[in-house]
Amino acid sequence: MLRETLWAMTAAAAFAVAADAQEMRTEAIRFAPGTSGATIAGSITGYESVQYTVGAEAGQRLKVRLEPSNLATYFNVYAPGSGPGDQALANAQFMGEMVPDTNIFDGTLSTSGEYTIDVYMMRSAARRNETSNYALYVSIEGDLPAQVEGDYADGLQGGPDYFQVATSGGGTLNLRSGPSGAAGLVTRLTNGQNVRNLGCRMAEGRRWCRVATLADPGFEGWAAGDFLIEGTGMASTPPTSAGGVGGTSTERVRFAAGTSGAELTGSLLPGESRRYLLGASNGQDLYVRVAANGPDLSYQIFNPDGSFLLDQMTSAQEYRGQLWQSGDHVIEVINRGNSTQTYNVIFGID
């Protein structure tokens with residue numbers, strides 16, 4: 001009884017640190033196409049906290065491991081529909097059913113939806129304005145069940161009858177043959193286009209929705225739910241063909257002798273993109289970061305065979321991952337805004 005009381009008091013204090021944070025930011029975790037996990041490098045100082053969101057379904061197994069430089073750093077896991085200030089599904093400071101060791105979460109999920117992983121520092125360290133650099137390892141194991149189970153607030157199989165495509169800067173949205181950035185490209189949907197909602201699933205850490213176009217020619221496939229809002233049954237502009245994007249230039253990336261990275265500066269007019277060719281080998285690790293002066297830049301990465309390594313990542317998120325092909329990899333930076341955008345792009349190969 002005493003132990004449970006102490007746990008409750010300490011847990012409440014931990015929740016308070018996150019809830020009262022001077023700066024609480026949210027970042028969506030996205031897995032590289034065809035993968036089931038991601039590694040995130042982050043840093044917090046003082047009362048800062050970061051809420052990482054990741055989508056998963058009931059019956060799947062969520063694994064989280066935090067490796068901080070400051071040992072006063074922990075994380076809470078919240079079920080769909082809850083967050084800091086609510087009761088956590090697990091507090092990684094205390095060992096229990098889903099916490100086999102400190103800062104490790106390993107549990108089979110009972111609800112389908114978006115989970116929150118809240119990284120924070122204890123009040124004593126936060127008060128001293130200490131800094132913690134950390135690596136957060138997140139993976140989701142297990143195949144999707146035949147149908148959605150434990151659907152939180154009908155967020156996957158319910159929802160509106162129709163969606164509307166809503167992309168930043170009026171760009172197109174890829175419609176794929178399956179719920180994965182690695183699935184084949186069926187066509188591209190235009191911004192503002194209405195599509196029929198055929199149900200959504202969680203894959204690669206995000207919501208994918210199966211949709212059907214309303215105008216001839218008819219297409220059916222899977223689109224990233226991040227770019228879908230409630231729409232109507234009114235047919236709109238037909239989708240574009242699955243061809244290349246116009247206004248694209250190409251540049252070869254070369255590292256200085258004795259180095260393993262490079263930083264380049266660029267500028268793109270509205271709707272333009274630039275493709276960077278970077279030679280690398282199977283088994284090497286690739287790092288990409290795009291530092292933009294606005295929110296409308298995104299980037300995507302192609303394997304040497306033309307398949308997607310990474311599909312539609314915003315410039316706010318960096319990429320780290322191991323390559324599985326040898327040859328020229330393509331990093332395409334895209335301006336989806338209505339004004340000229342300047343940026344720096346950083347490449348690294350280990």
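Mentor: Let us begin with an idea that is needed at once: a pocket is an open set of grid points with protein on both sides within 12 Å along at least five of seven lines, and its lining residues have an atom within 4 Å of a point. Please keep in mind that this is a predicted model.

Trainee: How many residues line the largest pocket, and which of them lie nearest its centre?

Mentor: The lining of the largest pocket comprises 31 residues, and Thr39, Ile40, Glu318, Tyr319 and Arg320 lie nearest the centre. The space in this pocket is about 670 Å³.

Trainee: Which strands supply at least two residues of that lining, and which element gives the most?

Mentor: At least two residues each come from strand E1 (24-28), strand E2 (37-45), strand E20 (285-292), strand E22 (308-314) and strand E23 (319-322). E2 gives the most, with seven residues. By class, the lining of the largest pocket holds 16 nonpolar, nine polar and six charged residues.

Trainee: What helices and strands does the chain have as a whole?

Mentor: There are two helices and 25 strands in the chain. Of its 350 residues, 47% are buried.

Trainee: Which residues line the second largest cavity?

Mentor: That lining is made up of Leu173, Asn174, Arg206, Trp208, Ala224, Asp311 and Gln312. Strand E11 (173-176), E14 and E22 are the elements that give two or more residues to the lining of the second largest cavity. The space in the second largest cavity is about 40 Å³, and its lining divides into three nonpolar, two polar and two charged residues.

Trainee: Let us turn to covalent links. Which residues does the disulfide join?

Mentor: The structure holds one disulfide. Cys200 is joined to Cys209, with an S to S distance of 2.1 Å. The link of Cys200 and Cys209 is right-handed, with 100° about the S-S bond.

Trainee: Why does Cys200 count as buried?

Mentor: A residue is buried when its relative accessible area is under 20%. Cys200 counts as buried because its relative accessible area is 1%. Cys209 is likewise buried, with a value of 0%.

Trainee: May we apply this reading to a single residue within a strand?

Mentor: Consider Tyr52, which lies in strand E3 (residues 49-56). Its relative accessible area is 2%, so Tyr52 is buried. Beyond its neighbours within four places in sequence, Tyr52 is in contact with several residues, including Glu27, Ile40, Tyr115 and Leu136. The side chains of Tyr52 and Tyr134 are joined by a polar contact of 2.6 Å. Tyr52 and Val138 are 86 residues apart along the chain, and their C-alpha atoms are separated by 10.0 Å.

Trainee: Where is Gln193 found, and is Gln193 buried or exposed?

Mentor: Gln193 is found in the loop between strand E12 (185-189) and strand E13 (194-203). Gln193 counts as buried because its relative accessibility is 3%. The side chain of Gln193 reaches the backbone nitrogen of Thr190 at 3.0 Å.

Trainee: What is the phi of Asn103, and where does Asn103 lie?

Mentor: Asn103 is not a glycine, yet its phi is positive, about 60°. Asn103 lies in the loop between strand E6 (90-91) and strand E7 (104-108), and is buried with a relative accessible area of 5%. Asp154 also has a positive phi, near 50°, in a residue other than glycine. The loop that holds Asp154 is the one between strand E9 (131-141) and strand E10 (162-165).

Conventions
Residues numbered from 1 in each chain as written. Predicted model: local features only at pLDDT ≥ 70, side-chain atom pairs only at ≥ 80, totals over all residues. Heavy atoms only, no water. 1 Å grid on protein atoms, 1.4 Å probe; cavity = no way out; pocket = protein on both sides within 12 Å on 5 of 7 lines; lining within 4 Å. Points joined across faces, edges and corners; volume = space filled by probe spheres on them. Helix = DSSP H or I, 4+ residues; strand = E, 2+ residues; numbered from the N terminus. Nonpolar A, V, L, I, M, F, W, Y, C, P; charged D, E, K, R; others polar. Disulfide = S-S within 2.5 Å. Buried < 20%, exposed > 50% of the residue type's maximum accessible area, 1.4 Å probe, protein only. Polar contact = N/O pair within 3.5 Å; in protein donor to acceptor, adjacent residues only side chain to side chain. Contact = heavy atoms within 4.5 Å.
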